[in-house]
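Me: I have a chain here and some labels attached to it. Please go through what each label rests on. Keep it brisk.

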Amino acid sequence: MRIEIQLRIVGDDDRVISVDKVLHLEKSDDRLEAVGLSLGEGKAVMAGIQERVVTAQAASFLDRHRCCSGCGRALLSKGPGWIQFRTAFGTIPLNSPRFHRCRCQPTASRTFRPLGELFTERTAPELLYLETRWASLISFGLTAQLLNEVLPIGSTANACTIRRHLHKIAARHDADLGGEQQGGLDTGNDQPLPQTTVIVGIDGGYVRNWYDKKRNFEVMVGKSMATGRNDRYFGLVASQDEQSDHRLRAVLQDLPGTPAVTMFTDGGDSVRALAGVMAPGAVPILDWFHIAMRLTVLGQYTRGLAHHNPVEAAALESRLERIKWRLWHGDADEALTRVREMAEDVVALDSAYPKLKRLVKVTADLATYIANNAAALSNYSERWFKGERISTAFVESTVNLVVSRRFAKKQQMQWSKQGAHRLLQTRTKALDGTLRDLFTTWYPAMAANDNQDPALAMAG
Ligand SMILES: [Zn+2]
């Protein structure tokens, strides 16, 4: 049979602007694979419709702007011109003539293109969104292949263009962060709004450096959890980020009142520094999991000592138990004093234990670790009895989710710091579902488009 697809475009005044045959298809009906539109036919239909729709919209806009907006006089043509508009359903060439400005409009430029006021960008926001979303989840190259396969965009979708677009989106988001000043995490405001309790965990991960293949650099990833809404992610490369103090605020800005933030960290220097910049008013808590891990390692070394110095080893083990108890109850001062004493005694040990050096180092490191994180030691016992969180195992899985799967150290992927930082901006939003919201703040009409239920003409 022959399938004909016709398109009728009707103006607001009910005048039929165009009736066009988009394309016709010859379809057989004797084999399964011939049933329905093929991918290629579907792409051709979309491309054909899009070209006519965009052309009609541009022409209608141009028609409305042929006269001076001030005095109504017809504008004098200066000459023809063309622009290309990239959409998810093809790149459309558009007639964009240049006009002389009316004498009643004193401006610097003598001529202008009216269409330039509608097409402020050459890529449709919808396509930008698609490119950014998929490139945040899979590689730039695969994104180009995927989009090419399902959309009639021809060769315009390539890895370089998509990367450039993603960078542009991330940079624009960063610029927005710098601009916004409202809201905040500072305490001291007597706001009558209910306080939302937010748990935030941040941790670092490593990706391979493009410029120095043998080295990795650190990326920071965080997750915020508040009751009544989905979790949000954020990420950054510290040296590339001028907005660290705004980043958490942006993630929390839709919560009512001034959120009370509890910030979990692993106690590492870079993470602790970032936490201080990000949320100076937050309650810092050193993740119990990381304390326990260090105590476990130290315990293994003291048990190893038992083969050589059983008496000393037993004494150390019981001291370690008491230190653990102090830490569990958030008594940083006493714990620190005891660890320091223990470190001195371990140094003074006279033993043939081959791992004595390691034991000395691990004990000294624990003392430094507690000293650095004294302010973040919480009364874990009390929290635990109250059913409050003492650890955030979720943070490690966040690093895996946000960093490992896209930045893939194992696949020898390499990143520039700026590239990693920008990808983290869009990837965290693609993962927590807020990327579309970011676009609708820039392009408000996208939301209306989303909500529009296209009225499909029913047969019969
Ligand atoms: Zn005029």
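Predicted model: local features only at pLDDT ≥ 70, side-chain atom pairs only at ≥ 80, totals over all residues.

Me: Where does Asp14 lie?

Reply: Asp14 sits in the loop between β1 (2-10) and β2 (16-26). Its phi is near 70 degrees, a positive value in a residue other than glycine.

Me: Why is Phe289 called partly exposed?

Reply: Partly exposed is the class between the two cut-offs, 12 or fewer and 20 or more. Phe289 has 15 C-beta neighbours inside 10 Å, so the residue counts as partly exposed. Phe289 belongs to helix α8 (residues 288-305). Beyond neighbours within four places in sequence, its contacts are Ser391 and Ala393. Arg66 is 69 Å from Phe289, C-alpha to C-alpha, and 223 residues away in sequence.

Me: How do you know that the span of α10 agrees with its number of residues?

Reply: Take 1.5 Å times one less than the number of residues. For the 16 residues of α10 (332-347) that gives 22 Å, and the end C-alpha atoms are 22 Å apart, so the two agree.

Me: Which residues of α10 are buried? What puts them on the same side?

Reply: The buried residues of α10 are Ala335, Leu336, Val339, Met342, Ala343 and Val346. They cover an arc of only 130 degrees around the axis, so they lie on the same side of α10. An α-helix has 3.6 residues a turn, so residues three or four places apart point the same way. The exposed residues Asp333 and Glu344 are on the face of α10 turned away from its buried side. Cover for the buried residues of α10 includes α9 (310-328) and α11 (356-372).

Me: Which residues of α4 are buried? How do you know that they line one face?

Reply: In α4 (residues 140-150) they are Phe140, Thr143, Ala144 and Leu147. Down the axis of α4 they fall within an arc of 100 degrees, so they line one face of the helix. That buried set packs against α3 (125-137) and α5 (159-179).

Me: Which residues of α7 are buried? What makes them line one face?

Reply: Val271, Leu274, Ala275 and Met278 are the buried residues of α7 (269-278). Their arc, seen down the axis of α7, is within 105 degrees, so they line one face. They pack against β8 (197-209), β9 (216-226), α6 (244-252), β11 (260-265) and β12.

Me: What domains is the protein chain divided into?

Reply: Domain 1 (2-122), domain 2 (194-288 + 399-439) and domain 3 (290-376). The centres of domain 2 and domain 3, taken over C-alpha atoms, are 32 Å apart. In contact are 9 residues of domain 2 and 8 residues of domain 3. On the side of domain 2 that touches domain 3, the largest share, 3 residues, comes from strand β12 (residues 283-286). By class, that side of domain 2 has 4 nonpolar, 2 polar and 3 charged residues.

Me: How does the radius of gyration of the protein chain compare with that of a compact globule?

Reply: For 460 residues a compact globule would have a radius near 23 Å; the protein chain has 31 Å. Its C-alpha atoms fill a box of roughly 100 × 65 × 50 Å along the principal axes. Of the 460 residues, 30% count as buried.

Me: What share of the contacts join residues at least 24 apart?

Reply: Among contacts between residues at least 6 apart in sequence, 63% do.

How values were computed: Residues numbered from 1 in each chain as written. Rg over C-alpha atoms; globule rule 2.2 N^0.38 Å. Contact = placed C-beta atoms within 7 Å. Helix = DSSP H or I, 4+ residues; strand = E, 2+ residues; numbered from the N terminus. Arc of directions from axis to C-beta. Domains from an automatic or database assignment. Nonpolar A, V, L, I, M, F, W, Y, C, P; charged D, E, K, R; others polar.
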